[in-house]
Amino acid sequence: MLILPLLAAAAATAAAPAPDPARLKASVTALVGFGTRHTLSSTTDPKRGIGAARSWAAKQFEAIGRDCGGCIKVERISRSFTGPRAPDGVMVEDVLGIQRGRDPDRVVIIGGHIDSRVTDVMDATSDAPGANDDASGVALVLETARLLSKRRFDATIVYVAFSAEEQGLWGAELLADTAATRGWTVTAMLNNDIVGNSIGQGGVRDPNRVRVFSEGIRAAEDLPQQQRRRGDGGEDDGPSRALAKTIDGIADAIPGGFDVVIDRRPDRFGRGGDHEPFLKRGYPAVRFSVGAENWDAQHQNLRTENGTVFGDTIDRMDFAYLAKVTAINAATIARLAAAPAAPASVTLVGDLSRDTRVSWMPVPGAAGYRIRWRANDAASWSQSRDVQGSDAVVQQVPVDDTFFAVSALAADGSESLPTFGGRAARR
């Protein structure tokens, strides 16, 4: 049989080259050095402002591409946006590094936003170092590109430095629209925003975990679809929640004891990020953010008041911590890019029976499939069975008390996201 055990695949992922804290620090240092990266700052000054920062990011992707024999191509996409935080309009530009896979139209996306701000969101001239928010995310994206660039994957990887997150998630909206226009099948989108500190507000230390935020009921589902999901019991198993759970499992296989906390909200309470435009279009997307935020270091003018230091400066960062978050991202991207796509749909039949028949849509290129199941009162998959074909009966496991999902497997054991099983259409 061609399929390797899951643990073997996990071990291979964990053995990938480790992120380099020194390289991460060098990237953050360079980005901080542009003074401000406010979306409305200069696009022509060669040393200061958003234009210089984006050009620097493009050069980093170009250098990585040269080192891997041209495996990464740089693209800069742009569009004009107007809104309350840019009343006169602004040209928003994303910098992409595209690592083409065997399937150019199935993509996994990893991003962070390159823009920064101070207390006044309209202040485009004051120093806004944006070390953690979000030079940390851009540094992580660049390091992931370095780690994965010499490997060939089934899916295409899109590395992105978003602009205009602080003005209204416009750079993310631009790329989500681009994905739809180009007909990409987006397997996953990982948003990394504020991922580089281990000491939070009031000195709280949280060096051993990262939060991954995900939606349950999908933003892209209409009311009948949401009602069907609730009827199937899948509120905790939408594609983005499945992605968060997968990330948690991948992190457990990486040495070092770094924990992923599955935060069962799309984002922090009342706040948002660059994964949201992807959620609205139905793409699986999550946000990584530190375990304990330091709000004195977010959206603040550089100053000291009553002994409290404000500002998002590089001295507050922990690059060993950032390297651990980078490792989880890189391992996740590697697994999902190596795996086939997830099954488009999974249906269950088992009314008035002790057995459950599981059926799914075949996936092009899949070497096999993994049926997963768990008791209805559990959050994590507990049992599994690998099969061929697109239909199987799980005996003596009644559907009334059990949740099911199916994932697609590559020949090397790389596994897609699991697709939650629901009722077959009634005739």
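In this predicted model, eight strands form an open sheet with mixed pairing, and their order across the sheet is S1-S2-S4-S3-S5-S8-S6-S7. Strand S1 (72-83) and strand S7 (259-263) stand at the edges and have a single partner strand each, so one side of each is left without a neighbour in the sheet. From one strand to the next, the twist averages 25°.

Within this sheet, strand S3 (residues 103-113) and strand S4 (residues 155-162) run parallel and are joined by eight bridges. One example of this pairing is valine 107, whose bridge partner in S4 is threonine 156.

| Helix | Residues | Strands touched | Angle |
|---|---|---|---|
| H8 | residues 239-252 | S5, S6, S7 and S8 | about 165° with S7 |
| H10 | residues 319-338 | S3, S4, S5, S6, S7 and S8 | about 165° with S3 |

Helix H10 also contains threonine 332. Is threonine 332 buried or exposed? Threonine 332 has a relative accessible area of 0%, and because buried means under 20% relative accessible area, this residue counts as buried. Leaving aside residues up to four places away in sequence, threonine 332 touches Leu190, Ile247 and Ile250. Threonine 332 and leucine 243 lie 89 residues apart along the chain, while their C-alpha atoms are separated by 9.3 Å.

Taken as a whole, the protein has a secondary structure of ten helices and 18 strands. Its radius of gyration is 22 Å, which agrees with the value near 22 Å that a compact globule of 427 residues would have, and its C-alpha trace spans about 70 × 45 × 40 Å along the principal axes. Of the 427 residues, 57% count as buried, and the accessible surface comes to about 17,500 Å², of which 51% belongs to carbon and sulfur atoms. Among contacts between residues at least 6 apart in sequence, 75% join residues at least 24 apart.

As for confidence, the mean pLDDT of the protein is 94, and 96% of its residues reach 70 or more. Over residues 1-14, however, the pLDDT is below 50, although this stretch has 24 contacts in the model beyond near neighbours in sequence. Where pLDDT is low, the predicted coordinates should not be read in detail.

Technical notes: Residues are numbered from 1 along each chain as its sequence is written. This is a predicted model: local features need pLDDT of at least 70, side-chain atom pairs count only at pLDDT 80 or more; totals for chains, interfaces and linings use all residues. Side-chain values use heavy atoms; hydrogens and water are left out. Two strands pair if DSSP finds at least two bridges between them. Helices (H or I, at least four residues) and strands (E, at least two) are DSSP runs, numbered from the N terminus. Axes are lines fitted to C-alpha atoms, for helices over the stretch in contact, and angles run from 0 to 180 degrees between N-to-C directions. Contact means heavy atoms within 4.5 Å. pLDDT is the predictor's confidence in each residue, from 0 to 100. The radius of gyration is taken over C-alpha atoms; the globule rule is 2.2 Å times the number of residues to the power 0.38. Buried means under 20% relative accessible area, exposed over 50%, partly exposed in between (1.4 Å probe, protein chains only). Accessible areas come from the Shrake-Rupley method with a 1.4 Å probe; for residues, only the protein chains shown count as cover.
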